[in-house]
Amino acid sequence: MNNAANTMEVKNLCQYFTISDGIMSDSKAILKAVDDVSLSIRKGETFGLVGESGCGKTTLGKTMLHLIKPTSGKVIFEGKDLDDLSRQEMRRVRTRMQIVFQDPYGSLNVRMSVGAILQEPLLYHNLCTKKESEDRVKELLKMVGLRPFHAHRYPHEFSGGQRQRIAIARALTVNPGFVVCDEPVSALDMSVQSQVLNLLSDLKRDLELTYLFISHDLSVVRHVSDRIGVMYLGKIVELADERELYYNQLHPYTRALFSAMPVPKPGRKKQRTILPGDLPSPISPPKGCRFHGRCSYCMDVCKKVQPQFKDVGNDHFVACHLH
Ligand code: SF4
């Protein structure tokens, strides 16, 4: 059932890729990047998605936006099932959903001036005339802390932080309601990270945006998120309000992630949990609980039966046989 308070809802979403089994082989393997994920993102919230590199976070974000069509499952955006939309309706909906990528240099066309980069989506979607688009570009640049004359410059003339501001401005050109921020500060220096995070937070408040904020860095995710989903090998293993998760981690993987977070008070130490081994391959994920090979609480049942993702109260969901 769709809830009107949700901006984005996914149900049993799967994103599988068929890949070659080897250079000399004709056989194929299935890579399960996102496997049976259900969650909803409430209007106006920042939903943080955290997990190790390669766990499927970015693929989940792109699948939500239908930048990659899901293998199965539903994506419901602002009450509309994206599978039911005509091409024309989908084009309109696309203006409501945008993405900011990790690498601002890679995501900006280096041959175009900043003004042209920002005008392009406005003109493509027929949102205004050429003259109006020039005014809108100036307004967008001011919104992200740049100056109108920057419209005449090219991406290589900016610092990393400024380029990310341009990428954010481009995402905002078409007045979206939902923005996927995919590791938006990971490529930036620490000193610039907080400026860009503050900008995203101000824009969210002023423009009433809803964010999916993807990062491998739990400190950053905690700082910006209202609720947090923890992803492991294509699945969400825990989901809760940010404070609830901080004080009451239930899944052993979440506990390990939190134990690796720096302690803000100098002199105070905490015991860090080092996970054995690497993230297993999503081509042949372990049977039962996918985390069982790295979990110090593993029981027999964990090796055979996949734990259900269930509500344990207080809007806190977890997939673990301990709960
Ligand atoms: Fe560990 Fe078992 Fe829970 Fe998986 S289900 S996290 S193996 S205790």
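Start with Lys-69, which counts as exposed because its relative accessibility is 55%. The classes are: buried under 20% relative accessible area, exposed over 50%, partly exposed in between, with a 1.4 Å probe and protein chains only. Before going on, note that this is a predicted model, where local features need pLDDT of at least 70, side-chain atom pairs count only at pLDDT 80 or more, and totals for chains, interfaces and linings use all residues. Residues are numbered from 1 along each chain as its sequence is written, and side-chain values use heavy atoms, with hydrogens and water left out.

The side chain of Lys-69 meets that of Asp-83 in a salt bridge, 3.2 Å from N to O. Asp-83 sits in the loop between β5 (80-81) and α2 (87-94), and Lys-69 in the loop between α1 (57-64) and β4 (72-77), so the pair ties together parts 14 residues apart in sequence. Asp-83 is partly exposed, with a relative accessible area of 37%. A salt bridge here is a side-chain nitrogen of Lys or Arg within 4 Å of a carboxyl oxygen of Asp or Glu. Helices (H or I, at least four residues) and strands (E, at least two) are DSSP runs, numbered from the N terminus.

How many salt bridges does the structure hold? The count is 13. One of them joins Glu-45 and Arg-227, at 2.7 Å from N to O. Glu-45 lies in the loop between β2 (28-42) and β3 (46-50), while Arg-227 belongs to strand β9 (residues 227-232), so this pair ties together parts that are 182 residues apart in sequence. Are these two residues buried or exposed? Both Glu-45 and Arg-227 are buried.

Lys-74 forms a salt bridge with Asp-81, with the closest N and O atoms 3.1 Å apart. Lys-74 is partly exposed at 35% relative accessibility, whereas Asp-81 is buried at 13%. There is also a network of salt bridges linking Asp-202, Arg-205 and Asp-206.

Next, the serine. Ser-225 is in the loop between α8 (218-224) and β9, and is buried, with a relative accessible area of 6%.

Now the cysteines. A search of the whole structure finds zero disulfides, a disulfide being a pair of cysteine sulfur atoms within 2.5 Å. Cys-298 is partly exposed at 27% relative accessibility. Cys-128 counts as buried, at 19%.

Last, Leu-322. This residue is found in the segment after β12 (317-318) and is partly exposed, at 36% relative accessibility.
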